[in-house]
Structures are given as structure tokens and as C-alpha cells.
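Here is a quick tour of a protein chain, with a look at how its charged and aromatic side chains pair up. Have the structure open as you read.

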Amino acid sequence: MAEAASGSTVPRRQLGRHLRELRNRARLTVRAASTALEWSDQKIWRIETGQTSMRSLDVETMCRVYGADAELTKGLMGLAKETKNRGWWHSYGDVIPEGFDLFIGLEGAAAGLRQYIKDLVPGLVQTDDYARALIQADNPDVDADEIERRVHVRLARQALLTRVTAPPTLQLALGEAVLRQPVGGGEVMARQLERLAETMDMPNVSLRVVPFAAGLHHGLMSGPFTILGFPVNGDGQPMEPTTVYMEGFTGDLYLDKPQEIERYDQAFTSIWDTTLNAKDTQNMLHQAAKEFAR
């Protein structure tokens with residue numbers, strides 16, 4: 001049976017969302033699912049809303065009833081093990097199948113994102129050529145078709161910034177090194193920098209550069225991070241807890257303890273205070289693009 005609520009809410013809510021989608025795809029009502037599983041309707045509701053941690057064997061049973069394939073079942077069972085952890089480090093290599101991306105789910109549900117990135121353009125504002133250069137460099141043994149599939153997935157994420165219904169706000173602080181790294185060559189970088197300048201005209205995007213002249217600032221100590229804030233429900237409470245995400249070379253870190261959120265909130269505010277204003281940022285982007293285009 002499901003265990004008492006504990007641990008990080010991030011994996012619990014992500015697991016609940018995936019299980020709810022599986023149940024709906026199987027065309028099962030909560031009552032039909034609870035009957036098949038010999039559980040109460042209340043238990044199904046608590047699982048699907050992320051109110052409880054779970055045993056991997058219970059998830060396996062639900063996946064069998066819902067008709068999930070073996071790969072997805074394995075991934076959800078791995079995620080179930082993380083629902084009991086208070087803070088969690090998740091490595092995609094062994095437990096969660098490739099393509100089972102928790103961050104994409106959180107990103108798509110967010111009402112607002114605040115990002116500090118120090119040396120590479122983040123996925124939401126990459127051009128296709130820039131994305132391709134990064135993905136090829138990170139996956140030297142992957143064939144061309146798979147590279148293109150991954151580029152497509154990355155670019156498809158960008159639609160959330162222009163979606164008709166409640167597009168999220170994006171507040172993006174870029175280290176000046178982002179403008180100087182020649183990813184993909186001069187022409188690719190010139191187009192990428194012009195894209196960043198164009199992105200600044202979007203009503204829901206605020207983009208600023210942290211210049212080298214800013215000297216020592218919080219971002220140099222914290223490293224890159226994203227703070228995700230979520231919509232509120234009818235009771236005025238966030239649908240998901242505010243979450244800090246940090247991408248790692250072998251795994252990704254998700255933080256949601258109040259003291260952790262407060263620390264990163266303060267760090268982002270401090271970093272933002274060191275950025276150039278909008279006009280100077282746009283001028284720097286255009287100038288850097290011209291230099292790469294020569």
C-alpha cells in the first residue's frame with residue numbers, strides 16, 4: 001500500500017501526473033481503477049495528486065492494470081523510489097528511460113521561470129543550429145536521425161513561450177560568457193545572438209546580460225539554476241511547490257524545501273541587480289553578433 005506522505009513533493013506529484021495520464025489513456029474512471037486494484041477511490045486520488053509516497057511494486061501493479069509498456073513501467077517504478085527522499089538527486093542513466101524527462105513536465109506546467117545561465121544559451125531560446133551543435137557535441141556516437149529527433153524535441157519546448165493560453169513568464173540572466181562562446185561557429189553564433197535580441201521583444205520575456213565587469217556575484221558561486229513557480233488553484237495555493245532545478249553532467253538536482261527556495265530566490269535577485277539594463281543588453285547582443293558574422 002502507499003506510504004504516508006513524506007519526502008520531496010516534486011517526484012510525488014510528477015509520478016501522480018503520469019499515473020493519472022495512464023489511467024485516462026486506458027479510459028478508466030477512478031472508480032473502475034480502484035475496483036480493479038482493490039483500493040479505495042480516496043487512495044487513487046491521493047496518489048494522483050501527489051499526496052503520498054509510493055512503493056515501486058504498487059506502481060508496477062498500477063502500470064499493469066493501465067496497460068503501460070515495460071520501459072515506462074520501469075521508469076515510473078524508479079521514480080516511485082524517489083518519492084520517499086526529502087531531497088533527491090536523479091540520474092537518468094540507469095533508472096529512468098531516455099525521453100522520460102521530468103523537467104519538461106515541470107517547465108510546461110510553470111507559470112514563471114527565472115534562470116541564471118553562465119556560459120551556454122538555454123534550450124527555450126536556442127536556434128536549431130545552436131541546439132544541433134550542442135547535442136552533437138554531447139552525443140558523438142549518436143546517428144544523424146537521432147540527433148535531429150532530439151533537436152526537434154528541444155525546439156518543440158519553445159512553443160510554451162508563445163502558447164495562446166497562459167504562456168509563462170521568463171526572466172533570464174545570461175553571463176557574458178554566453179555571448180562569447182563560439183558554439184557551432186561564427187555564423188551559427190551570430191544568428192543565435194540575434195535571436196536572443198529578438199526574444200527581448202516578447203511581452204513575457206525579460207532577458208539581461210551579467211557583464212564580466214560585474215565582478216564577483218552570487219551566480220559565480222551558485223552555478224546555473226532555474227526557479228520554477230506554478231499557477232495557484234482556487235484556494236490561492238500553488239498547484240506545485242516552487243522548485244529549483246539544476247542540470248548536472250550525470251544527474252539533475254531538484255530542490256523544494258522552503259529554506260532552499262529562499263536562498264536561491266535571494267541569489268537570483270542579487271544576480272539580476274548586476275545585469276545591464278534592457279537597452280545595453282540588446283546593444284551588446286547586436287555588437288557580439290556583428291563580431292561573429294565577420
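## What counts as a salt bridge

Before we start, one cut-off: a salt bridge here is a side-chain nitrogen of Lys or Arg within 4 Å of a carboxyl oxygen of Asp or Glu. Also keep in mind that this is a predicted model.

With that cut-off in hand, look at Asp129, Arg132, Glu148 and Arg191, which salt bridges link into a network. Asp129 and Arg191 meet through their side chains, with 2.9 Å from N to O. This pair links distant parts of the chain, since Asp129 sits in helix α7 (residues 128-138) and Arg191 in helix α10 (residues 186-199), 62 residues apart. The other pair is Arg132 with Glu148, at 2.7 Å from N to O. Arg132 belongs to helix α7 and Glu148 to helix α8 (residues 144-157), so this bridge ties together parts that are 16 residues apart in sequence.

How exposed are the members of this network? Asp129 is partly exposed at 26% relative accessibility, and Arg191 is partly exposed too, at 43%. Glu148 is also partly exposed, with a relative accessible area of 37%.

## The chain as a whole

Stepping back, the chain has 13 helices and 7 strands. It runs to 294 residues, and 47% of them count as buried. Its exposed surface comes to about 14800 Å², with carbon and sulfur atoms supplying 51% of that.

Now for the contacts with a separation of 6 or more: 71% of them are between residues 24 or more positions apart.

The whole structure holds 12 salt bridges. One of them joins Glu48 to Arg23, and their closest N and O atoms are 2.6 Å apart. Glu48 is in helix α3 (residues 41-48) and Arg23 in helix α1 (residues 9-25), so the bridge ties together parts that are 25 residues apart in sequence.

Is Glu48 buried or exposed? Glu48 counts as buried, because its relative accessibility is 8% and the cut-off for buried is under 20%. Arg23 is buried as well, with a relative accessible area of 7%.

In one of them, the ring centres of Tyr116 and Phe225 are 6.3 Å apart and the planes sit at 50°, so the pair is tilted. Tyr116 is in strand β2 (residues 112-117) and Phe225 in strand β5, 109 residues apart, so to speak of this pair is to speak of a link between distant parts of the chain. Tyr116 and Phe225 are both buried. Phe225 also pairs edge-to-face with Phe268, at 6.4 Å centre to centre and 80° between the planes. Phe268 lies in helix α12 (residues 258-273), so this pair ties strand β5 to a part 43 residues away in sequence. Phe268 is buried too, at 2% relative accessibility. Ring pairs join Tyr116, Phe225, Tyr264, Phe268 and Trp272 into a cluster.

What else does Phe225 touch beyond its neighbours within four places in sequence? Its contacts there include Arg114, Gln115, Val244, Tyr245, Ala267 and Ile271. Met246 is another contact, and the C-alpha atoms of Phe225 and Met246 are separated by 4.9 Å, though the two are 21 residues apart along the chain. The relative accessible area of Phe225 is 1%.

## A charge over a ring

One last thing to look at is Lys43, which lies over the face of Trp39 at 3.8 Å from the ring centre.

Methods:
Residues numbered from 1 in each chain as written. Predicted model: local features only at pLDDT ≥ 70, side-chain atom pairs only at ≥ 80, totals over all residues. Heavy atoms only, no water. Buried < 20%, exposed > 50% of the residue type's maximum accessible area, 1.4 Å probe, protein only. Contact = heavy atoms within 4.5 Å. Helix = DSSP H or I, 4+ residues; strand = E, 2+ residues; numbered from the N terminus. Areas by Shrake-Rupley, 256 points an atom, 1.4 Å probe, with all protein chains shown as cover. Phe/Tyr/Trp six-rings, centres within 6.5 Å; stacked < 30°, edge-to-face > 60°. Lys NZ or Arg CZ within 6 Å of the ring centre and 35° of its normal.
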